[in-house]
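Please look at the sequence and the structure first.

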Amino acid sequence: MSVTSLTAPALTPDESEGLSVWPASARPADAGDLTVGGISLKETADRFGTPLYVLDEGEVRDRCRAYRTAFPQADVVYAAKAFLCRAMVRWVQEEGLGLDVCSAGELGLAFAAGFPAERIVMHGNAKSPEDLRTAVRLGVGRIVLDSASEIAQLDSIVPHSDRQKVMIRVVPGIAAGGHAKIRTGTDDQKFGLSITDGSAHHAIANVLRRPHLELVGLHCHIGSQITSVKPYVAAVRRMVGLMSLVRDQHGAEFHELNIGGGHGIAYRPGEESLDIGMLAGRVRAELADGCAHAKLPLPRLTLEPGRALVGPAGVAVYHVLAVKQTAGRTFVAVDGGMSDNPRPALYGVRYAPRLIGRHSTAAPALVTVVGRHCEAGDVLADEVPLPGDVRPGDLLAVPAAGAYHLSMASGYNLVGRPPVVAVRDGAARMLVRRESLDDMSRRDVGL
């Protein structure tokens, strides 16, 4: 497979705008093609088939380093639920980040890939006994407690000679996030323990009495796809207030504060993303001022980016299967859909697909890109501009596809989940192979 030179010319202003939500390595190429990581997307699709996820390893690593630079005195912990495979575990480890997992499955994969257990945080609003036993057995660094029943259960699991470091997930009463279904900082959802009704304070007191649990700090997560710094600053202010109250009533001072993640990215040109440098400055200032005013020791900060590290590094590639006009609308159907990207159906996310692999001089027309599945809601991109001559056999590429695609993919219609191919420095390698019919058939034992 041929590759494009790694010394590609700088982008023109028009190209920069058109590729603003693509990996930084994306470059236009001959015949309407596009390269990422020095690799032709068309040739990658020809080699590995479609649907296909392409992940720019260099972009992931650069984003990890940007967080480490912005937060040099904090612990940056990658939220594995965004995307997880053994190679991703290795990249995160090599870049000096921790790892946040939500199940025994995610924990087991990370441990098998050699990630240090003491740098892992275990999350989940309803952890199973297996989740907790596995976390204790492997020695994870922190378990974030989410309910009163979980406190008692974990205390009974920890061996009598040991103490497990834990944090309490607190609901600070702040609404933030790109959609109601991903706002987790208010009292009307399933996560955490509320400051407002006193359940957070009660849980803290409960843990402080437990002989096998060591409460090292507090945790909060206010939502996802957040593009403003203001809600994080407000959350820090409320968490410092709670730490002051706990100190006054129980004499306990916490040395860690985890403010979660949820950092928003741009999915289409012109959309905003969270300014990480501004976040770092404002959060550090608020935390320092608040602790100084309350005469509290300054806790070590932890944050948990997921989407912001891997989302912009991913590209989804599809073949067009059909084009039809009906009721005044043009529908472009591709060989994937909600089985490999359920986010438009769940959250109304809008993407910006691009025709690749051939030049077109046709004027753009508004089309709706739909999937192949038996649901009217199987829409990948509603009313987006594509060349008016788009036709079956064409390739469409969708940027900002690295997060919550494969991790939320399903087996709907038994089409099989796509492979993941990493690109970097002009080379491509498969990280996760395509799910086959044989893979799915092996689970069906009921004849």
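Two strands are said to pair if DSSP finds at least two bridges between them. Helices (H or I, at least four residues) and strands (E, at least two) are DSSP runs numbered from the N terminus. The model is predicted, so local features need pLDDT of at least 70 and side-chain atom pairs count only at pLDDT 80 or more, while totals for chains, interfaces and linings use all residues. Residues are numbered from 1 along each chain as its sequence is written, and side-chain values use heavy atoms, with hydrogens and water left out.

**Strand S19 and its partners**

Strand S19 covers residues 395–398. Strand S16 (residues 354–356) pairs with S19 through three bridges in the antiparallel sense. Within S19, Ala397 is the bridge partner of Arg354. Strand S14 (residues 314–326) also runs antiparallel to S19, and four bridges join the two. Here Tyr318 has Leu396 in S19 as its bridge partner.

In a regular strand the side chains alternate between the two faces of the sheet. In S19, Leu395 and Ala397 point one way, and Leu396 and Val398 point the other way. All four are buried, where buried means under 20% relative accessible area, exposed means over 50%, and partly exposed lies in between (1.4 Å probe, protein chains only).

**A three-stranded sheet**

An open sheet is formed by three strands in the order S1-S2-S3, with antiparallel pairing. Strands S1 (27–28) and S3 (39–40) are at the edges and each has a single partner strand, so one side of each lacks a neighbour in the sheet. S1 and strand S2 (residues 34–36) run antiparallel and are joined by two bridges. Arg27 has Thr35 in S2 as its bridge partner.

**Aromatic pairs**

Rings of Phe, Tyr and Trp (its six-membered ring) pair if their centres lie within 6.5 Å; planes under 30 degrees apart count as stacked, over 60 as edge-to-face and the rest as tilted. By this rule there are two aromatic pairs.

| Pair | Type | Centre to centre | Between the planes |
|---|---|---|---|
| Tyr67 and Phe71 | stacked | 6.5 Å | 15° |
| Tyr267 and Tyr351 | edge-to-face | 5.4 Å | 80° |

The pair of Tyr267 and Tyr351 links distant parts of the chain, 84 residues apart. Tyr267 is in the loop between strand S12 (256–258) and helix H10 (276–294), and Tyr351 is in the loop between helix H12 (343–347) and S16.

Tyr267 is buried, with a relative accessible area of 4%, and Tyr351 is buried at 2%.
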